[in-house]
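Subject: Handing over the model, with notes

Dear colleague,

I am passing on the structure we spoke about, with the sequence beside it. Please open it first and keep it in view while you read the notes that follow.

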Amino acid sequence: MPLETEVKVAGQPDELRRRLRDAQARHVAPRVLQDDAIYDTPEGRLHSAGCMLRLRRAGPRSKLTFKGPIEPDERFKSRQEHETELDDADAMASILAALGYGIAMRYQKVRERFEIAGATVVLDETPIGWFLELEGLPEQILVAAEHLRVADAAFESRSYRTLFIDGGGSGDMLFDQVPDCGGDAP
């Protein structure tokens, strides 16, 4: 199972875009709304085991992702991940329901994708704020963070779901009004 390793860095949109420009990040994909549904059993079996099953809709594309428990690490969030592209997200939602899974939570973000030193760097606009998310091998993340002038102390390893709940949120983490996805690059 592939290992996903990532960190987040919170900030203001202008500051985060400036960091991307200054680091000469390569723009890989324009802004797109991602609407994620987290599925679980009625008793929350997956969440209790530290796992996650997500159906993501992003523009015309959709993916099903299973993430295993988070592995202990002081600097990064790492976990096993299986992911596959889907032809029909509605059909997959029906299959999940037939298997006894229901939507435990939905959350949205507008994501723009970049690359720095082999690491994937995304700029996320969420209902709880703006973040850079750095993903790759630990060494790639550290090099990208150096290019972005981000100190390890700024690394955030909690998920958006956990940040939302820890911040007092409940229910779904959705935009009141979906931001523009016009593809403005830094």
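I begin with E85, which lies in strand β5; strands here are DSSP runs of E of at least two residues, and helices are runs of H or I of at least four residues, both numbered from the N terminus. This is a predicted model, in which local features need pLDDT of at least 70 and side-chain atom pairs count only at pLDDT 80 or more, while totals for chains, interfaces and linings use all residues. Residues are numbered from 1 along each chain as its sequence is written, and side-chain values use heavy atoms, with hydrogens and water left out.

E85 counts as partly exposed because its relative accessibility is 41%; with a 1.4 Å probe and protein chains only, buried means under 20% relative accessible area, exposed over 50%, and partly exposed in between. Leaving aside residues up to four places away in sequence, E85 touches R61, S62 and K63, where contact means heavy atoms within 4.5 Å. D35 is 50 residues from E85 in sequence and 15 Å from E85 in space, C-alpha to C-alpha.

Strand β5 (residues 77-86) also provides the largest share of the lining of the largest pocket, namely six residues. This pocket has a volume of about 1000 Å³, and of the 45 residues that line it, E4, R54, R56, K67 and R111 are the closest to its centre. A pocket is an open set of points on a 1 Å grid over the protein atoms alone, where a 1.4 Å probe fits, with protein on both sides within 12 Å along at least five of seven lines, and lining residues have an atom within 4 Å of a point. The volume is the space filled by probe spheres set on the points, which are joined across faces, edges and corners. By residue type, the lining holds 14 nonpolar, eleven polar and 20 charged residues; Ala, Val, Leu, Ile, Met, Phe, Trp, Tyr, Cys and Pro count as nonpolar, Asp, Glu, Lys and Arg as charged, and the others, Gly among them, as polar.

In α1 (residues 13-22) the buried residues are L16, R17, R19 and L20. Seen down the axis of α1, they fall within an arc of 155°, so they line one face of the helix; the arc is that of the directions from the helix axis to the C-beta atoms. Their cover includes β1 (3-11), β2 (26-40), β6 (102-116), β7 (119-126) and β8 (129-135). In α3 (residues 89-98) the buried residues are A89, M92, A93 and L96. These cover an arc of only 105° around the axis, which puts them on the same side of α3, and they pack against β2, β3 (52-58), β4 (61-71) and β5.

As for strand pairing, which requires that DSSP find at least two bridges between two strands, β2 and β6 run antiparallel and are joined by twelve bridges, with A37 opposite R106 in β6. Seven bridges join β6 to β7, also antiparallel, and there V110 stands opposite E125 in β7.

Finally, two backbone angles. Most residues other than glycine have a negative phi. Q24, in the loop between α1 and β2, has a positive phi near 55° and is exposed, with a relative accessible area of 70%. A117, in the hairpin of β6 and β7 with its two residues between the strands, has a positive phi near 50° and is partly exposed, at 43%.

With best wishes
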